[in-house]
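Reader: I should like to work through this model one point at a time. Please begin with the terms and the conventions.

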Amino acid sequence: MEPLPSPFGDPAPNLSDSELRETAYEILVAACRTTGSRPLTFIPQSPKSDRSNGAASAALSASPSLHRSLTSTAASRVKKALGMKKRSGGGDVREGESSGQPDRVKKSVTVGELVRVQMRISEQIDSRIRRALLRIASGQLGRRVETMVLPLELLQQLKATDFPDHEEYISWQRRNLKLLEAGLILHPHVPLSKSDKSVQQLKQLIRSGLERPLDTGKITGESQNLRSVVMSLATRSNNDGIGPDICHWADGFPLNLRIYQMLLESCFDVNDELSVVEEVDEVLELIKKTWPVLGMNQMIHNVCFLWVLFNRYVATGQVENDLLVAAHNLILEVENDVKETSDDPKYSKISSSVLSLILDWAEKRLLAYHDTFNIDNVETLETTVSLGISVAKVLGEDASSEYRRKKKNVDSGRDRVDTYIRSSLRMAFSQTKKMVEHSKRSKSRQSTNSLPALAILAEDIGHLAFNEKAIFSPILKSWHPLAAGVAAATLHSCYGTELKKFVSGITELTPDAIRVLTAADKLEKDLVQIAVQDAVDSDDGGKSVIREMPPFEAEVVIGNLVKSWIKTRVDRLKEWIDRNLQQEAWNPKLNKLGIAPSSVDVLRMVDETLEAFFLLPILLHTVLLPELTSGLDKCMQHYVSKAKSSCGSRNTFLPALPALTRCTVGSRLHGVFKKKEKPMAASNRRKSQLGTSNDSAEILQFCCRINTLHYIRTEIESAGRKTLNRLPESDIAAFDGKPKIFEQSIGYCSKGIQQLSEATAYKIVFHDLSNVLWDGLYVGEVSSSRVESFLQELERCLEIISSSVHDRVRTRVISDIMRASFDGFLLVLLAGGPSRCFTVQDSDAVDEDFKFLCDLFWSNGDGLPLDLIEKVSTTVKSILPLLRTDTESLIERFKAVCLENHGSDRGKLPLPPTSGPWSPTEANTLLRVLCYRYDESATKFLKRTYNLPRKLT
């Protein structure tokens, strides 16, 4: 059994356990001497004294507590409080007693003698210690042990002649020097100061003493120097309320804990390491007298005693459950101490270190309790679980513990037991699986008709589940009401994982697959039955556990195979779309329908996939059809997304609005046509280029894309109806109230057509015809740059659209072109830049031009409906009257609207933002009419109010 690490570390690595034990005994004897009422006397021991004589002579030792005679008649209060039973057997035979002579009168044994024997201290050493203490007392009568540095006093009282040989004396002296180093330098009670020269002096003295023996038994310079340095370090105080005459040499953490551990281990019978002595009450009373020297208190004692009990249980092979019970009961005391001393960092560190080691040990066993416990020692499981939960609770309530910092929430007992069950059963499942696989491999050469490994595993897991229910679940149910149900759910999950791996490797049902599925079905029924029976009295009727057990029937396996088939087909179709759309030319002249050839192919593949699906020999068509149509639906959406991805949108082609400027009255044509063609000449050149440039080809590509989406929408809608009709009439009702098949693709096509239609319209108006609209209309004189050029080019584009777009979407595309043309017309009037300006007299020409534009789309009744034209032209017609409104009225109206909507800033009108649609009642619209008003009043108003420039910089 691997020993547990010490929670106190190794504070004195140069001191062995026997040396620390002797030190602890020295402190104990000295502490009892100074607390007793009788003077200390000494009678030399005869060399021939046996242990019985030693017991008798111990009566001459120190205080009454050491004198007290022991009997085992009264029950120990400590053992009773810790829940420990009285052991029977040979463990009660001690020194001074003889099991071989029952008629011999047994001599009484004192507490001091008992402790000496338990701590393995020889009578010779005990006699030497008491001799030294008598010498100390003779010179310092009444001095308490906590006011002296015991190793220093012993060094100066004992000489080489007090030892049987010189080697033992040297070894004893070195022990005390190393003890001084550990207590004053390595683990001081009061932190050392870097400027304290005593530290280096003591180190030098100790180093010298370890190299050669020091003459400490005489009053020499070396001896006096050692006393001076040691007392200088030992009498330092940190203002903690302890008297200034207290010496701190053995109360530094964790050295004091290690020494105290040696004392507490004397509570165990030297002849029976599993047994706590019946006189433990008197022994502990004696040990507590060392508290002033070691800086101990009741709370630290509880933690140390807890560790000693627990460590003894582990070190002795974990066979004495009484020790574990005692440790568990002592944790309840520690829990109260932790609550009351949350502000003591030293205590928190000690308790956290001890409890963390106990928790680690407990969880290591509980997370794999099937490896540790069985029907023979199952009662120990209950104690171990209770111990682990109690320790976790204490650590969780200690805000300073590392455990609490790692855990945001304190786990309940139920949560921890839930974790133990799941972890241990996963490990048990893994071990069972390995055994089955090993057995299968060893028998495979002998038998060819054996069951598949997964079928054998199902049977073994069933046995494991019933054993769990019979042996462990009744105990674990004390903390977890659904212990058996959680165990069943865990095994169900583990086996389900293996079953999934098995299914992933098959492509069709085979005899082995049927055997495995049959065994899996039986196992599942057994596990579900265990879970249901365990949850009869639970609040939710076991629903929480049952939810963790998704069924794994044959239908699920078949369904998964079909789903894999669907995924393969869908992925293949998506890859085909990505590959072929990269090569698509989008030429409407390739076929009579004016659509992309790839759309015909992709719809054919969709139809073939649906046909193949309904030919599969399964009964799950209705159940799995939505998954297939959903995958195909996403493929078609992907096609549509690719088809429109590079075409932009309405906002892609809208020009950025130029900054606001004001007209320069008196120089209307100045600089407008400098180094620039006349508008009509530019228009004619543009007209001659339109038919041969890339613009017409791009328009045709846009038309092909629109036709393609319309074709897909029509065909996919028809495919959805045909697919539904393939189902049995009884199953068609299951689709009532649900979305139509391919509904997502149908809607996606409609949105795609809308986006492409708008993109086509705004591309034509603002990109292809920008030279005759944005760069030509009303530039300079209105009369010389009217709308005729734009109308001619626009009409040519409309002819291309009309001959290329399917008649079911033609009206929509032309309507979007009309809307884009009206938007462009308004932009020329309200945001055309400093190259444009308008007088009131120009309004008639502008009105007439807009009428011509509307007439183009009406086309004497062969074009768009008049009510549609009226509806779209409403905004333009509401703005045109502003062009004929006199300047003063416009200024007054602008001021009123601006003050009403935006207020004023210290009497100044704020510049209204460009937001929302154009409107005759909107401040920004009125401001823009003024900006392009060729009028002195407008110019001065804009200069005075906003200091607008005459031209762009």
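Author: A residue is called buried under 20% relative accessible area, exposed over 50% and partly exposed in between, with a 1.4 Å probe and protein chains only. The model is predicted, so local features need pLDDT of at least 70 and side-chain atom pairs pLDDT 80 or more, while totals for chains, interfaces and linings use all residues. Residues are numbered from 1 along each chain as its sequence is written, and side-chain values use heavy atoms, without hydrogens and water.

Reader: What percentage of the protein's residues is buried?

Author: The protein has 40 helices and 2 strands, taken as DSSP runs of at least four residues (H or I) and at least two (E), numbered from the N terminus. Of its 953 residues, the buried share is 51%.

Reader: Among contacts between residues at least 6 apart in sequence, what percentage joins residues at least 24 apart?

Author: A contact here means heavy atoms within 4.5 Å. Among contacts between residues at least 6 apart in sequence, the share that joins residues at least 24 apart is 79%.

Reader: How many Å apart are the end C-alpha atoms of helix H16?

Author: Helix H16 covers residues 345–366, which is 22 residues. The expected span is 1.5 Å times one less than the number of residues, so it should be 32 Å. In agreement with this, the separation of the end C-alpha atoms is 30 Å.

Reader: Which residues touch the most other members of the largest nonpolar core?

Author: A nonpolar core joins buried Ala, Val, Leu, Ile, Met, Phe, Trp, Tyr and Cys residues through side-chain atoms within 4.5 Å. The largest one holds 160 residues, and helix H14 (residues 298–315) gives the largest share, 12 residues. A second, separate core of 120 residues includes Leu628, Leu856, Ala938 and Tyr946. In the largest core, the members that touch the most others are Trp249, Leu381 and Tyr495.

Reader: Which residues does His492 touch, not counting those up to four places away in sequence?

Author: His492 belongs to helix H22 (residues 483–504). Its relative accessible area is 2%, so His492 is buried. Beyond four places in sequence, the residues touched by His492 are Glu524, Leu527, Met549, Pro550 and Phe552.

Reader: Is the aromatic pair of Tyr169 and Trp172 stacked or edge-to-face?

Author: Rings of Phe, Tyr and Trp (its six-membered ring) pair if their centres lie within 6.5 Å; planes under 30 degrees apart are stacked, over 60 edge-to-face and the rest tilted. Tyr169 and Trp172 are 3 residues apart in helix H8 (residues 166–186), so about one helical turn separates them. Both are buried. With 6.0 Å centre to centre and 25° between the planes, this pair is stacked.

Reader: What is the angle between the planes of Phe613 and Phe614?

Author: Phe613 and Phe614 are both buried. Their rings form an edge-to-face pair at 5.3 Å centre to centre, and the angle between the planes is 80°.

Reader: By how many Å are the C-alpha atoms of Asp849 and Val787 separated?

Author: Asp849 lies in helix H35 (residues 843–858) and counts as buried because its relative accessibility is 0%. Outside four places in sequence, Asp849 is in contact with Tyr778, Arg786, Val787 and Phe825; Tyr778 and Phe825 also belong to a cluster of ring pairs with Phe822, Phe838, Phe850 and Phe857. Although Asp849 and Val787 are 62 residues apart along the chain, the separation of their C-alpha atoms is 5.8 Å.
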